[in-house]
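Visitor: I would like to talk through the charged pairs and the surface of this protein. Could you guide me?

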Amino acid sequence: MAEQVRKKKISPVELVGAHLAQIEKLNPILNAFVQMDAERARGAAHDAEAAVMQGKPLGPLHGVPISIKSSVDVAGMRCEAGTRLRTGLVATQDAPLVTRLKNAGAIVLGVTNTPELLMAWETNNLLYGRTNNPWDLERTPGGSSGGEAAAIAAGMSAGGVGSDGGGSIRVPAHFSGICGLKPTPGRIPATGHFPASAGPFALIGVVGPMARTVADLKVLFEVMQGPDIGDTCAAPVPVRWPSEEETRKLRIGYFEDDGRTPVTPEIRAAVRTAAEALRSAGFQVDRFRPDGLEEARRLWHKFFVVAGGMLLRPMFKKNDPDLSPTLKQFLERSAAKPPLTGRTLLDAWIQRDLLRARFFAQMQRYPILLCPAAAIPAFRHGERSWQIDGKTVHYLDAWSYTEFFNLLGNPAAVVPVGRSSEGLPIGVQIVGRPWEEEQVLAVAAALEQQCAAWRIPPAA
C-alpha cells in the first residue's frame, strides 16, 4: 500500500475510505474494534495525500491505515485493556511505538478488543463482549490480541500492534491466518502498555507487529524497534538483515510436539510441511526437540499465572460484578497454586536464568527452531478442554508451545502454513535466539514464499 501511495497509484484518502467501509460492514459481526476515530483518520489521510502531491519526504508507512491493541496508549483513544476498572480511560499521549508508526506515515484507524486485563486466549469482556473469528463466527480469533488479529485478517486494518506474555500475538495469528512477531523483550519498547511490563513481567511480556504478510511484519518491525528509556529491557541493537546466503546457512531444528501436550494430526502435518518446504528452499532441517521445554513451561506458569494472579486479585472484591468470567477463571487457576514468596520467586528467577543458558547452548547448533504455535486450531467460544489422541488437553496446556519462548525470551514469529479439515487456518512458529529477529523474519519469509498459504477469510 505504501508503495502504491508513493507511486501515486492510490491515494491515502482512498485507502482510509476503503478500510472504514470494511469496518462499517464487518465490525458489527466481528466486534474487533472497540473505538474508531473516522474523522481524525480522514483528516490524516488528506494531510498524507497533500504531502504526496507536494513532493514532501514520505515515510515507509505513508498513508497506510493501521490499528492498535487497546492496551497500548494512543493519544485521544481509549486504553481500557478490556476491564471495567478502566472504563472510559483515554490516553493523553502516544506510546513511543505509536509515535514511531505515525512518524513513518501510518494512520491509526482505532483500537481493538482484548480480554479483561489481557489474561485469556479468548477475546471477551464485560465492556464490549466477544470478538468473533472471521474464519468461523462461532470461534474465537484468540487472545489477548484477538481484536487486532480479527481486524487484520478481515481487511479492516492493514496491520498493527499486539502484545504477548504467553502467546497473545502468536496464538491469534495462528487462529486467524495472519503473521505475528513476538520480539525479544526490549527490542520494541513496551513503554505505554497496560499492564506495565515491570518486574518479572518485563522478562516475558512484549509488544510486537501483526500483519497479513511477512514483508509487512518486517517494515512494521523496522519502524517500531529501537531502545526507549521507559523500557527497562531495552538495548541499542542495530537492525541487520542477513543476506540470502547467510540465511540459507541457518540450521533449523523442528519438533512436532513437546513430548507432553499432544497436538492435532493436522497441526503435526503442518509442521512437517513447513520443515519440508524449508528443506526444499535450501535449508538444512533436522528433527530436534530441545531439552528444557517442560521446565520452561512450569517456570512460565509461576511468573505469569501465579504472580499475575497475586497482582490482579486484590483489584477485585469477592463476586465483584466488574470481574469478567474469563478473568475469574484465570484468577481461580492462579489461586489454586501456592502463592509465591520472596524466596520462591527468587528461586524461580535463578532457575530461569540457568535454564536460558542451557537452552541457548543447544541453539548454537540450531539457531532456528520450528514447532507448533498451539495444540489446536481456533476453538469455539467458551471451550476449555479438548480431546487429542485420547488425552484431555486443558486450557493452559494448549498454548505451552508459545509459553516456552516467553519464559526464555526468544523472538518468535508465526506464519500461516495450511488449513484444518474444517477450513481453519494453521500457523507454524519460527523461533530464534534473543536479538536475532531479522533471522527469524528471513526464515519466515522463505517459508511464506514456499507455502503461499494466506487466504481471505469467509467473513471478509
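Visitor: Happy to start with the total. How many salt bridges does the count come to?
Guide: Keep in mind that this is a predicted model. The rule asks for a side-chain nitrogen of Lys or Arg within 4 Å of a carboxyl oxygen of Asp or Glu. By this rule, the count comes to 30 salt bridges.

Visitor: Let's take one pair. Are Asp164 and Arg170 buried or exposed?
Guide: These two form a salt bridge, with their closest N and O atoms 2.9 Å apart. Buried means under 20% relative accessible area. Asp164 has 2% and Arg170 has 0%, so Asp164 is buried and Arg170 is likewise buried.

Visitor: Which parts of the chain does the salt bridge between Asp397 and Arg260 tie together, and how many residues apart are they?
Guide: The closest N and O atoms of Asp397 and Arg260 are 3.2 Å apart. Asp397 lies in the loop between β11 (391-394) and α14 (400-408), while Arg260 is in the loop between β7 (252-254) and α10 (265-280). The pair therefore ties together two loops whose separation in sequence is 137 residues.

Visitor: Now a helix. About how many helical turns separate Glu294 and Arg298?
Guide: Their side chains meet in a salt bridge at 3.9 Å, N to O. Glu294 is partly exposed at 31%, and Arg298 is partly exposed at 43%. Both sit in helix α11 (residues 293-312), 4 residues apart, so the separation is about one helical turn.

Visitor: Which residues are linked in a network of salt bridges?
Guide: Side chains of opposite charge can pair when their charged atoms come close. Here such pairs join up into a network. Its members are Glu256, Asp257, Arg268, Arg272, Arg287 and Arg289.

Visitor: Finally, the nonpolar side. How much accessible area does the patch of Leu346, Ile350 and Leu354 have together?
Guide: Ile350 lies in helix α13 (residues 342-362). Patch members need over 30% relative accessible area, and Ile350, at 44%, is partly exposed. With Leu346 and Leu354, Ile350 forms a nonpolar patch on the surface, and the accessible area of the three together is about 290 Å².

Definitions and conventions: Residues are numbered from 1 along each chain as its sequence is written. This is a predicted model: local features need pLDDT of at least 70, side-chain atom pairs count only at pLDDT 80 or more; totals for chains, interfaces and linings use all residues. Side-chain values use heavy atoms; hydrogens and water are left out. Buried means under 20% relative accessible area, exposed over 50%, partly exposed in between (1.4 Å probe, protein chains only). Patches are made of residues with over 30% relative accessible area and no salt bridge: like charges are joined within 9 Å, nonpolar side chains (Val, Leu, Ile, Met, Phe, Trp, Tyr) within 5 Å. Accessible areas come from the Shrake-Rupley method with a 1.4 Å probe; for residues, only the protein chains shown count as cover.
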